[in-house]
Amino acid sequence: MIEWATAESRLKGDTSINQVIISQINTETQRSEEVLRQLVEITLYLAENNIAFRGSSSKVFTKNNGNFLGLVQLLGKFDAVLLEHLRKVTYRETKFYLLSVSIQNEIINMLGSKVKESIIKKIKTKYFSVIFDCTPDISHKEQTSLTIRYVSKKSDDINIEESFITYQVAEETTGEALTDLIFKEIAKCGLNIKNCRGQCYDNAANMAGIHKGV
């Protein structure tokens, strides 16, 4: 009876083992959310200013570990939560690293999707034009860029705007393959290619050729 009474007393006073564990989990969750919030802000800052993220090292407190980890270390000097997270990461006291390259890419992709959604919402007019270009990168992969040109209307203010939509790697550079790529990306934006009223490409034969060009 005494054991039951003790257990009942602990449950009422929120001092049972379960309650203590739940409290610890909630505290760690709040800490992780705060760390993630700061990582998102760092990502936004680097992206908005077109600053590279990574260096030759991907570990905190090492030389040449890039701007992302460098800013994390800098902010950690002034924020107790981030400083504690860095301490746990350094001494491997946590499984939630949150600073890896994959996490950085995930944050970038999530923010990029939100930006893309907001751009697409701005394209409210029926008709639009396409600006499309290709260029090989250092690994000789053909990188394509797609930009939409459209009319933006706010009250009586009418403007012509151009919004970058996406980068995509072109597996093939034939006119047919590039055309399919454009159609695919336009469809992802929820736009009807039949409403495209203008096209802008470079002078390459596969882009602007009259027979097999895009």
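Me: Taking contact to mean heavy atoms within 4.5 Å, which residues does S152 touch, not counting those up to four places away in sequence?
Reply: S152 touches D157, I158, N159 and E161. This is a predicted model, in which local features need pLDDT of at least 70 and side-chain atom pairs count only at pLDDT 80 or more, whereas totals for chains, interfaces and linings use all residues. Residues are numbered from 1 along each chain as its sequence is written, and side-chain values use heavy atoms, with hydrogens and water left out.

Me: Is S152 buried or exposed?
Reply: S152 counts as buried because its relative accessibility is 6%; buried means under 20% relative accessible area, exposed over 50%, and partly exposed in between, with a 1.4 Å probe and protein chains only. S152 lies in strand β2, residues 142-154. Strands are DSSP runs of E with at least two residues, and helices are runs of H or I with at least four, numbered from the N terminus.

Me: What joins the side chains of S152 and E161?
Reply: A polar contact of 3.3 Å joins them. The term denotes a pair of N or O atoms within 3.5 Å; within protein, one must be able to donate a hydrogen and the other to accept it, and residues adjacent in sequence count only if both atoms are side-chain atoms.

Me: Which residue does K122 form a salt bridge with?
Reply: K122 pairs with E161, the closest N and O atoms being 3.2 Å apart. This pair links distant parts of the chain, K122 in helix α5 and E161 in strand β3 (residues 157-170), 39 residues apart. A salt bridge requires a side-chain nitrogen of Lys or Arg within 4 Å of a carboxyl oxygen of Asp or Glu.

Me: How many salt bridges does the structure hold?
Reply: It holds seven. Among them, E34 pairs with R37 at 2.8 Å between the closest N and O atoms. E34 and R37 are three residues apart in helix α2, so about one helical turn separates them. E84, R87 and E93 are linked in a network of salt bridges.

Me: Changing topic, which residues are buried in α2?
Reply: V35, Q38, L39, I42, T43 and L46 are buried there. Their cover includes α3 (66-76), α4 (80-90) and α5 (101-122).

Key. Contact means heavy atoms within 4.5 Å.
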